[in-house]
Amino acid sequence: MMRRLVLAAVFLLSALPSAFAVNPDEVLADPALEARARALSAELRCMVCQNQSIDDSNADLARDLRLLVRERLKNGDSDEAVIDYVVSRYGEFVLLKPRLRGETLLLWGAPVVLAFAGATAMLLFARRRGGKPTGTPLSETEKAELERALRGD
Amino acid sequence: MIIELGHYALVLALATVIVQFVLPVIGTARGDRALMAVAPAAALAGFFLVLFSFSVLTFAYVVSDFSVANVWENSHSLKPLIYKISGVWGNHEGSMMLWLLILSFFSALVATFGANLPERLRANVLAVQGLISVAFALFILLTSNPFLRLAPAPAEGRDLNPVLQDIGLAIHPPLLYLGYVGFSVCFSFAIAALIDGRIDAAWARWVRPWALAAWSFLTAGIAMGSYWAYYELGWGGWWFWDPVENASFIPWLAGTALLHSALVMEKREALKIWTVLLAILTFSMSLLGTFLVRSGVLTSVHAFATDPTRGVFILGILVFFIGGALSLFAFRAATLKAGGLFAPISREGALVLNNLILTTAAATVLTGTLYPLVLEALTGEKISVGPPFFNLTFGGLILPLLLAVPFGPLLAWKRGDVFAAGQRLFAAAGVGLVLAAVVLYIHSGGPVLAYFGLAIGFYMIAGAVTDLWLRAGIGKVKGNVAFRRLIGLPGSAFGTTLAHIGIGVTVIGIVAATAFQTEHVVEMKPGMQVESGGYTLVFEGMRQGQGPNYTEESGHFNVMRGGVTVTDIWSSKRLYMARRMPTTEAGIRTFGLSQLYVSLGDAMADGGMVVRVWWKPMILCIWIGALIMMAGGAVSLLDRRLRVGAPQKARKVKPVLEAAE
């Protein structure tokens, strides 16, 4: 116990990503269940880390969450039920992929709206421009220069 | 004394770049050629002053002069020389110095190689470069001065963050900044064009080499950073959609779009206004990236709010340049005459599609990166936007582009035939599917989508080669004629092909390494073994070691195949003495393009070690692809046609007709 505390202290000081995520003692016996647990872990944020999922983090809190996810899965929860349960305890912040709600409407809408608006603008632009002559006519000096260049001096 | 000289040189550099901005602007306004001619001289002088200042700072690091606060905070007398040098830019102040150095370097390049630019254009471009330099020199001197002294001088430094003591860090930031800052030249060209209200194909021809060079460096910088994270952070990930990574990826996406739209503008005089806007946006994204990384706003909105000096200053720079440029664009864009008609199905149309998707993707990544910050600042609510979001949205956007890439070079300018192009790509698609089927035969059991992903990668490579194949007329004309045609093709054709092959290779690497990697997390005692990727790893035991400024524990593994030892792997955990900070040094062995990746976990009470072993098939393709893309950029740069005013080489070979469209 003491050793783990010391380790935790060292890691908190460093506050850096380290490589000790899932430990062998956490792994579920049923490979299918374990695979689901890993997939879910990748979607859940380690709350005390910077931009790490609980699957990648060695923080104690991440470990607790991993165990919690596995506990729920063993009890027969569906993936959605596990996520709902975790969110009910830790809030939306825990989701690395936010759900579509009022607050995240713009986030999810942005790619769709932008792609759509861009495509529409392109089409309108192409239609409006159709058939009109283009390019700038050469100015007198440019014409003279061109003449000179063509004569080759 | 020497430190004060460096400090003084920096102040002098500020004065010089002010001159570089002010006099040419007055010169162009009055039509005074003498004032305009000041710009190149000032740019060169500014560069040498910043270079001197930067060298002094480097010198202070090399001799471990801990009377300089910045050296004391980030260096240590026992640190190996290379990390003393790279430590210069391993911290905030030093990295801003590197930014300024590279910015003035590019100004000096424009001054040197811009002799054939029209006078006014060159003066305006250098003036804008000067103005950006003023902003950053002021920022360094007022908020991030690396030359501040400590009295009395401490005896020993506090060392550089250990994860940064790595060869990757020595190379990564300079490459990245060469990319970031290189786009400043495109930005300056865009502003100069807007000021003059005149823009033509020649403009695009001047801008494209800068965009190409910056893009190549940025590609290399991002790939380098990705590989560094892969081997240094120790859990085998190579891209995390971390805001810091996104900050470099967004300008890359915008810059890629810029390269392609500048092509349309150069060849067809179309998309002028859009290209100018993209040039502005690309550098704006570079500035935004600098703001995100340097202001501390990413770590915490609150940390930013409590010590906002630097953040507010950069935000000011950001608002001034982006806002100013966009306002100028809004006022002046109408004066730029649009040109170049094209049908929707044409090379131009394909490049417009490319631009649409790339800019939408850039905007999506930008939204995802900023959304949590903005939402928290506005409502106080905290949400996370992480890899699952980006993989879904970015992946969905980029997939159609990947499929469309080989079509681009095969479509004719002005009016193309998508069915004809499709027919020509039939073989490429076939190659992709057959190769994917071969992989399925050899290595079945992966997710179905993975095989489609591989097929897309192979198809992209074959599709890129198809363009050269057809243009050389291989199979249609005699071998020697085809060969002569092939080597007679312009450098930019090879550049395009290489860059597109590079994307294909990267796609293959990403798909294979993601879908077919295997992971084993086991507790091992000496003598135990684990299977991975067809190899058997035997744990031989642990050994204590000692580096110049760290202690380490290393695990030794023998790698066997078919009962025979093929190689061995050392995987270590280090503890850096000065900061009492642990790092992992993963043990990596390369087999062809695949890698075995061994990382040590905790020691168990009963004497076992937690060991993580990954088999990462084809993972090297991810970075090799990036290198190929970069090579494509370099080959394109060597194309003589890009060098305005370069005399045409007399051709012995009669110019060959390009493949009929």
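How many residues of domain 2 of chain B are in contact with domain 4 of chain B, and how many of domain 4 are in contact with domain 2? I began my notes with this question, keeping in mind that the model is predicted.

**Entry 1: domains of chain B.** I looked up the domain assignment, which divides chain B into domain 1 (1-165), domain 2 (197-401), domain 3 (425-516 + 631-642) and domain 4 (518-616). For the pair I had asked about, I found that 4 residues of domain 2 of chain B are in contact with 7 residues of domain 4 of chain B. On the side of domain 2 that touches domain 4, I noted 2 nonpolar and 2 polar residues, with no charged residues. I then took the centres of these two domains over C-alpha atoms and found them separated by 39 Å.

**Entry 2: helix 13 of chain B.** I turned to helix 13 of chain B, residues 309-332, and recorded 24 residues with a reach of 34 Å from the first C-alpha to the last, which is close to the 34 Å expected at 1.5 Å a residue. Looking for its buried positions, I listed B:Ile314, B:Phe321, B:Ala325 and B:Phe329. I also asked what covers these buried residues, and noted that the cover includes helix 7 (119-143), helix 8 (167-196) and helix 11 (272-294) of chain B. As a reminder to myself, an α-helix has 3.6 residues a turn, so residues three or four places apart point the same way.

**Entry 3: chain A on its own.** I counted 6 helices and 0 strands in chain A, and read along the sequence the pattern is α-α-α-α-α-α.

**Entry 4: an annotated span.** I checked UniProt, where an unreviewed entry lists residues 105-126 of chain A as "transmembrane region". In the model I found this span to be 100% helix and 0% strand, with its end C-alpha atoms 31 Å apart.

**Entry 5: where the chains meet.** I finished with the contacts between chains, in which 39 residues of chain A are in contact with 48 residues of chain B. Helix 1 (2-14) and helix 5 (105-129) of chain A each supply at least two residues to the side of chain A that touches chain B, and helix 5 gives the most, with 10 residues. By class, I recorded the residues of that side of chain A as 22 nonpolar, 10 polar and 7 charged.

Technical notes:
Residues numbered from 1 in each chain as written. Chains lettered and ligands numbered in written order. Predicted model: local features only at pLDDT ≥ 70, side-chain atom pairs only at ≥ 80, totals over all residues. Contact = placed C-beta atoms within 7 Å. Helix = DSSP H or I, 4+ residues; strand = E, 2+ residues; numbered from the N terminus. Nonpolar A, V, L, I, M, F, W, Y, C, P; charged D, E, K, R; others polar. Expected span 1.5 Å × (residues − 1). Buried ≥ 20, exposed ≤ 12 C-beta atoms within 10 Å, placed from the backbone. Domains from an automatic or database assignment. UniProt positions renumbered as here; feature names shortened; annotations may be inferred.
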